[in-house]
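The entries below keep to what I looked up.

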Amino acid sequence: MESFAADLNTMVRTPLTPEHVSALRRVGTVIDVAAGEWFQKVGERIDTFHYLLDGETEAVNSATGKRYGNATLKAGQFFGELAFLNGGRAFMGARAVQDTKLLCVRRDEMLKLMSDMPEMSDIIITVYAARRRRMVDLSEGGLTLIGGEVDRDVRRIASFAARNRIPFQEVEIDSEEGDDLAAQCRIDRAHPAVVFAKHQVIDPPTPRGVAEALGLDIALRKEDVYDVAIVGGGPAGVAAGVYAGAEGLCAIVLEDLAIGGQAGTSSRIENYMGFPTGISGGDLVGRGEVQAMKFGTRFAMPVRATELEQCSKKLFHIKLDSGDWVSAKALIVATGVQYRRLPIEGLERLEGSGVYYAATDVEARYCKGTEVAIVGGGNSAGQAAMFLARGAKHVHLLVRGQSLASSMSDYLLQRLESHPGITIHTQTQVAALKGEEVLEAITIRDRASGMDWELNTKALFVMVGAAPNTAWLSGLVDLDPRGFVVTGVEEGTSSAYETSCPGIFAVGDVRAGSVKRVASAVGEGSVVMSAVWSHIND
């Protein structure tokens, strides 16, 4: 299966050409760094591109304070990883091993060069992405999570980090390593915590707190006007971000949890053209995020749109749950849909402690060797069953209907039916949950027989129904009876994606009548930009 980036151990490295280095020299500054001196400290904002002209440097692991990996960087190589693209904080420190000469370029100048010189950009981004993949794969650098096995907030951080490709490692709360780290951070040994760079405790441990610590948050001011604001970081929103940046528009993508949206919960997508061996939804959209950042599109998360206004200047003002505002000349609604909550007592209490809405590596670790239940009959539920079956004792797929034939791709259905570790239960539903702090068991109702039976499980995955995220639109656009955004001919517009309010466009799953598939969402996010461009330049 394809991954987010190339494998650093096997990839063929391409050096920057003399032409590239000459371009760097025109806008950069040469500095000397003495042996043992730092030129990038862990946790600092990354505002400079560092290219080695002479000498030797090393990356320093934030968790150990020692050299990261076995190799050093020498003349002709450059320091950094993906956090450079969005001006985030450094996961790794950078230190000179011997007296070193560096060519330094300011981040804004470097991004412009990368936009003007795509061959150079390809080399840099390929290396940056591969370095990030290595950190994620080896759980090195970044965050340390203590007590995820007992604390739902820490589990949520693990899910947030995994879905956003943020490197992290997990430490059990009663382990010797946990004791040592707690002592260094001066926190209670028995207290679950999230730590960045071995010393900074993120308190409270929330996705927003993590985003602030890692520099993923950006300053948002109502008076700053973007050409286009894209609300939603799923396939449609990120595709729109790629094409907006490529067209030279000043664009921002707002996402409330993780880049990838609903698609990011899919462990394997096999029917997207160009990926014959499959790719996870998070990795697919993550590649798009990197493309968009390369073109200058900005990403802000986790922020949720709560309200929308249009002023007398015809600008759109989006209020966020953080209290900030974002203003833009045009707006693309790409908020997609979300799985519906089951109307069962105690469901909300157990969310994150046995009840989940995504099946990623993080959730799979928490239910390894146990019975697992999945509610849903769509492709996402089917892929989750196949993925979780790798480590679960047995997977039970609960379906309300009499079969899956009408709601699931045939290739996937055949795999589920032939898998010895998966049982499909039709005409069934979850009737009750057991457990106070964590899920202990569920009661399943067989609607055909009217009988109830109990399944001892610590993991229930809810992947049923689809509710559009449109409440924040504040009545500025027409919605259909189910809450989806109406566009195109029905609204008398020239674009298939424009809404009843000129300047507001809708793409992807949130749009009424759209085909609920990743490929369709990517296509809509791409082609809508011509209409957005026309609106902005009218």
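The entries take the sources, then the sheet, then the helices.

**Basis.** I worked from a predicted model, in which local features need pLDDT of at least 70 and side-chain atom pairs count only at pLDDT 80 or more, whereas totals for chains, interfaces and linings use all residues. Residues are numbered from 1 along each chain as its sequence is written, and side-chain values use heavy atoms, with hydrogens and water left out.

**Sheet.** I took helices (H or I, at least four residues) and strands (E, at least two) as DSSP runs numbered from the N terminus, and counted strands as paired if DSSP finds at least two bridges between them. I found an open, mixed sheet of four strands in the order β7-β6-β8-β9. Its edge strands are β7 (168–171) and β9 (200–201), each pairing on one side only. Strand β6 (residues 143–146) runs parallel to β7, joined by four bridges; I146 has V171 in β7 as its bridge partner.

**Helix α9.** I noted that α9 (residues 281–294) has 14 residues and spans 20 Å from first to last C-alpha, close to the 20 Å expected at 1.5 Å a residue (1.5 Å times one less than the number of residues). I found 12 of its 14 residues buried, meaning under 20% relative accessible area with a 1.4 Å probe, protein chains only. The buried residues include L284, V285 and M293. Among the elements covering them are α4 and α14 (518–537), where contact means heavy atoms within 4.5 Å. After α9 comes G296, with a positive phi near 100°.

Note on methods. Buried < 20%, exposed > 50% of the residue type's maximum accessible area, 1.4 Å probe, protein only.
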